[in-house]
Amino acid sequence: MNPALLVLEDGRVFHGVAYGAEGETFGEMVFNTGMTGYQETLTDPSYARQIVAMTSPHIGNTGINGEDPESRRIQVAGYVVREPARVASNWRATGSLGSALREQGVVGIAIPGTRALTRHLRDKGAMRAGIFSSPDALAAGEEALVRRVLESPAMEGADLARDVSTAEPYVVAAKGEKRYTVAAVDLGIKSMTPYRMSERGCEVHVLPASSTAEDILALDPDGVFFSNGPGDPAAADYAVDALKGVLDAGKPFFGICFGNQIFGRALGLGTYKLRFGHRGINQPVQDRATGKVDVSAHNHGFAVDAPADGPFDTPYGPGEVSHVNLNDGCVEGLRLLERPAFSVQYHPEAAAGPHDASGLFDRFCELMEASK
């Protein structure tokens, strides 16, 4: 195996061997704590321009298949594992993970110190990084590679939703009898999300990230959905403006992840960069109204800055923080008290991950039914 280096912007260097495509890549260095679902993680558009390290020690055991991808291709900027599986063994497998990474040009590295890497990021925070496995890059020396990492773009201020969004609208048909028409704005949507809505009788019209309020309302939808996605919500004013138009029209609204952050900004709240973010399928989130705790799937590096001690004023009437993260107390959900609009910071479609929060899609349907 050819040697490779993982270089962090603070000068920390990890030595390993090339995994996947050989070459070089840059991105924000983050880690994912999920013990399953690596194919869903790799194909989640929310991971655009991020180098993802898996804390689970064995990756690739079940290979890859054509059923689990959450988008058209692998989306991560780079991939870090401890020990790649030597053999893919699963009845659904159609190929190996290493082959898929090579075919799609995704530069990766296998290092013995993924635990040390994770502890370093937990101490220092998410940061820029680069993976280098080409002979020319390795010959340049570690100091030169650190300088190149420092020259790469940061995640703050990055508008990435339009890069990963669908170029043209498409429709996911309702399964069984059609009950509702949903306009879903694709800010980096996972394929399982419209599928979960279609299971509930929703005909889902998936629209590009740059869609305006006029584009959305032209469908005369029963409800509007804003998806997950990558980048800094402060750089997505186009999505905020579109959502303001939807809220002005009084349409039922549901947002997840990046959609939660866009909802917060539409309500006049701020957003901020988390020190290391939440990425995995084991985050405890509490519903403040009921006290119920859901174990939930997460993938976000930004959060909404909202007062958690009671209702707050918005241009659309009073709102409140509906859910909080029990690990660090950050905002995990918002809702308006006098309009049919709510959002959560996590992923109720649960691909891969726990299914505790799947009832949120039912809640969205209830809002659409009540507004008919």
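Visitor: How many of the 9 residues in strand S3 (residues 24-32) are buried?

Guide: This is a predicted model, in which local features need pLDDT of at least 70, side-chain atom pairs count only at pLDDT 80 or more, and totals for chains, interfaces and linings use all residues. Residues are numbered from 1 along each chain as its sequence is written, and side-chain values use heavy atoms, with hydrogens and water left out. Strands (E, at least two residues) and helices (H or I, at least four) are DSSP runs numbered from the N terminus, while buried means under 20% relative accessible area, exposed over 50% and partly exposed in between, with a 1.4 Å probe and protein chains only. S3 is mostly covered, and of its 9 residues the number buried is 7.

Visitor: Which residue in S9 is the bridge partner of Glu-24?

Guide: Two strands pair if DSSP finds at least two bridges between them. S3 and strand S9 (residues 127-132) run antiparallel and are joined by 6 bridges. In S9, the partner of Glu-24 is Phe-132.

Visitor: Which residue of S4 stands opposite Val-30?

Guide: S3 is also joined to S4, by 5 bridges, and these two run parallel. Opposite Val-30 stands Val-52.

Visitor: Which residue of S6 is the bridge partner of Ala-53?

Guide: S4 is joined to strand S6 (residues 78-81) by 3 bridges, and the two run parallel. The S6 partner of Ala-53 is Val-80.

Visitor: In what order do the 7 strands of the barrel follow one another?

Guide: The pairing in this closed sheet is mixed. The strand order is S1-S2-S8-S6-S4-S3-S9.

Visitor: Which strands stand at the edges of the open sheet, and why is one side of each left without a neighbour?

Guide: The open sheet has 10 strands in the order S10-S12-S11-S13-S14-S19-S18-S17-S15-S16, with mixed pairing. Each edge strand has a single partner strand, so one side of it has no neighbour in the sheet. The edge strands are S10 (170-172) and S16.

Visitor: Which residue in S16 stands opposite Gly-280?

Guide: Strand S15 (residues 270-287) and S16 pair in the antiparallel sense over 11 bridges. Opposite Gly-280 stands His-298.

Visitor: At about what angle to S13 does helix H9 (residues 237-248) run?

Guide: H9 lies across strand S13 (223-226), strand S14 (253-256) and strand S19 (341-344). To S13, H9 runs at about 160°.

Visitor: What is the largest C-alpha distance within the UniProt "binding site" residues?

Guide: The unreviewed UniProt entry lists Ser-46, Gly-229, Gly-231, Phe-258, Gln-261, Asn-299, Gly-301 and Phe-302. They are spread over 257 residues of sequence but cluster in space, with a largest C-alpha distance of 13.1 Å. UniProt positions follow the numbering used here, feature names are shortened, and annotations may be inferred rather than shown by experiment. The distance asked for is 13.1 Å.

Visitor: Is Ser-46 buried or exposed?

Guide: Ser-46 is found in the loop between helix H1 (38-42) and strand S4 (50-54). Not counting residues up to four places away in sequence, Ser-46 touches Gly-188, Asn-228, Gly-229, Pro-230 and Asn-299. Because its relative accessible area is 5%, Ser-46 is buried.

Visitor: What is the relative accessibility of Gly-301?

Guide: Gly-301 lies in strand S16 (residues 293-305). Leaving aside neighbours within four places in sequence, Gly-301 is in contact with Tyr-272, Lys-273, Leu-274, Gly-277 and Arg-279. Gly-301 counts as buried, because its relative accessibility is 10%.

Visitor: About what area do domain 1 and domain 2 bury between them?

Guide: The domain assignment gives domain 1 (3-151) and domain 2 (161-370), with bounds that come from an automatic or database domain assignment. Between them, 26 residues of domain 1 are in contact with 21 residues of domain 2. Buried area is the accessible area (1.4 Å probe) that two parts lose on being put together, summed over both. Of the area buried here, 45% is on carbon and sulfur atoms, and the total is about 1,800 Å².

Notes. Contact means heavy atoms within 4.5 Å. Axes are lines fitted to C-alpha atoms, for helices over the stretch in contact, and angles run from 0 to 180 degrees between N-to-C directions.
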